[in-house]
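Where do the nonpolar and aromatic side chains of this protein meet? Look at the sequence and the model, then follow the paragraphs below.

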Amino acid sequence: MEFSTFASLSFLLVTLSSMCNMEARVHHHKHKHQADHHSSGSISYISAPPTLSPEPSSSPNPGIAAPAPAPVDGAYPDRVVLDVRGFGAVGDGLTDDTNAFKMAWDAACQKNGSAVMILVPKGFTFMIQSTIFTGPCQPGLVFQVDGTISPPDGPEAWPEKNSRRQWLVFYRVNDMSLVGGGAFDGRGHKWWDLPCKPHKAIRFFMSSNLSVERIRVKDSPQFNFRFDNCKNVHIESIHITAPALSPNTDGIHIENSNGVGIYNSVISNGDDCVSIGAGSYDVDIRNVTCGPSHGISIGSLGNHNSRACVSNITVRDSMIRASDNGVRIKTWQGGSGAVSGITFSNIHMDTVRNPIIIDQFYCLTKDCDNQTSAVHVSDVVYENIKGTYDVRSPPIHFGCSDTVPCTNLTLSDVELLPAKGDVVADPFCWNAYGDLETLTIPPVSCLMEGAPARSSPAADVVDRCL
């Protein structure tokens with residue numbers, strides 16, 4: 001189906017949101033327990049981080065035009081290879097190679113009856129402007145990034161006519177792979193101090209049957225990867241880096257998407273390693289090394305009194321280190337909908353502030369009003385979560401809505417000790433119900449057993465997203 005230019009661009013606009021990333025309504029609990037660091041038994045087994053692809057080599061002579069494409073006959077015998085240099089790309093890091101990439105994309109999309117690869121060769125840096133790669137294309141397209149792709153260097157070099165809200169968008173593509181040992185260099189340093197949020201690096205929109213493997217992204221101005229309205233996405237062995245104080249540089253953000261798997265990857269950034277937004281379900285995350293960061297989060301959900309439904313999310317066999325949060329569910333007051341069917345399993349924490357946290361009073365300012373409606377959080381399992389926490393916050397924080405309590409929270413084999421000192425802080429609970437299947441360290445005596453009484457009028461109108 002063909003769409004007008006106006007309609008396509010309208011779909012792709014992304015609204016701006018707040019720059020700050022603070023959390024309000026911080027609770028303090030003063031009672032302490034004495035504990036011995038070495039009395040908790042063995043630490044749970046976490047599979048080793050993946051072996052990463054080598055750093056792509058840069059162009060040996062920046063500013064000098066690249067040589068003509070080398071012959072590739074026989075290198076990829078099962079594919080038609082379209083080297084971007086064959087369409088005029090220079091790869092010196094300075095020349096605008098946007099048109100060459102767009103021509104290579106169009107040629108690949110229109111090629112009938114053949115498996116096609118767009119090749120971004122190793123040893124070159126290609127500068128391209130804000131671009132939308134639009135499908136549909138022939139199934140099985142491979143976008144092979146062995147070199148480096150980068151945007152213009154900062155806001156002053158960004159053309160005024162181009163959107164500052166996005167850099168590279170893959171729109172309405174099906175059965176495509178973005179692979180290789182190369183890198184996307186987001187050149188984010190000149191953007192991070194701006195009063196307005198800059199662009200996301202790589203966005204997939206209304207696409208399906210996607211594979212992203214062995215890709216590196218560094219210094220994105222904002223989100224590194226964003227998947228909106230996508231289904232059947234496989235992400236494997238990617239490496240994302242940005243400074244710990246770089247704002248809003250979420251590693252992978254998932255919104256209104258399902259059938260997403262994230263495996264064997266390393267993410268270190270200034271925000272959530274993985275964030276899961278409204279309308280997402282059937283997400284599996286395994287063997288991710290996360291941090292420094294803000295942890296792995298579901299949310300934020302329910303902003304501006306919106307409805308959010310998230311279900312069947314699993315995070316397992318992973319490590320979170322030197323991060324502001326561990327595994328987190330965050331919702332705004334006034335929202336509706338539900339978060340349910342969540343499992344956090346076999347996760348090692350290393351000096352993490354808020355290793356386990358539900359925050360239903362999430363707020364980016366200090367003046368958010370109390371509201372009666374809330375996203376309902378239920379059926380959340382925390383099992384085999386062990387390690388150390390930053391003593392500035394309690395190791396477990398269940399801050400649930402005043403009127404819509406969290407229900408059916410289950411904890412087993414949880415052992416969290418302070419990274420410094422021997423005093424173990426009490427967990428914090430507010431309107432949280434569930435069960436302790438084993439003894440925990442520290443004891444979570446504040447978790448109320450069973451289910452809440454259905455005496456509150458708000459409880460009778462809970463939106464469970466059924």
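Two rings of Phe, Tyr or Trp count as an aromatic pair if their centres lie within 6.5 Å, where Trp is represented by its six-membered ring. In this predicted model, a search of the whole structure finds 17 aromatic pairs.

One of these pairs is formed by Phe 170 and Phe 204. Their ring centres are 4.9 Å apart and their planes meet at 15°, so the pair is stacked, because planes under 30 degrees apart count as stacked. Phe 170 belongs to strand β9 (residues 166–171) and Phe 204 to strand β12 (residues 200–205), so the pair ties together parts that are 34 residues apart in sequence. Both Phe 170 and Phe 204 are buried.

The two rings are also members of a cluster. Phe 170 and Phe 204 form one aromatic cluster with Trp 105, Phe 133, Phe 143, Phe 225 and Phe 227.

Next, consider the nonpolar core. The largest one has 96 residues, and the members that touch the most others are Trp 105, Phe 143, Phe 225, Tyr 382 and Phe 398. Leaving out residues up to four places away in sequence, Trp 105 touches Ile 118, Phe 133, Thr 134, Cys 137, Leu 141, Phe 143, Phe 170, Val 173 and Met 176. Another core, of five residues, lies apart from the largest one; Val 81, Met 117, Leu 119 and Val 179 are among its members.

The charged end of Arg 203 sits over the ring of Phe 205, 4.5 Å from its centre. The charged end of Lys 200 sits over the ring of Phe 223, at 5.7 Å from the ring centre.

Methods. Residues numbered from 1 in each chain as written. Predicted model: local features only at pLDDT ≥ 70, side-chain atom pairs only at ≥ 80, totals over all residues. Heavy atoms only, no water. Core = buried A, V, L, I, M, F, W, Y, C linked by side-chain atoms within 4.5 Å. Buried < 20%, exposed > 50% of the residue type's maximum accessible area, 1.4 Å probe, protein only. Contact = heavy atoms within 4.5 Å. Phe/Tyr/Trp six-rings, centres within 6.5 Å; stacked < 30°, edge-to-face > 60°. Helix = DSSP H or I, 4+ residues; strand = E, 2+ residues; numbered from the N terminus. Lys NZ or Arg CZ within 6 Å of the ring centre and 35° of its normal.
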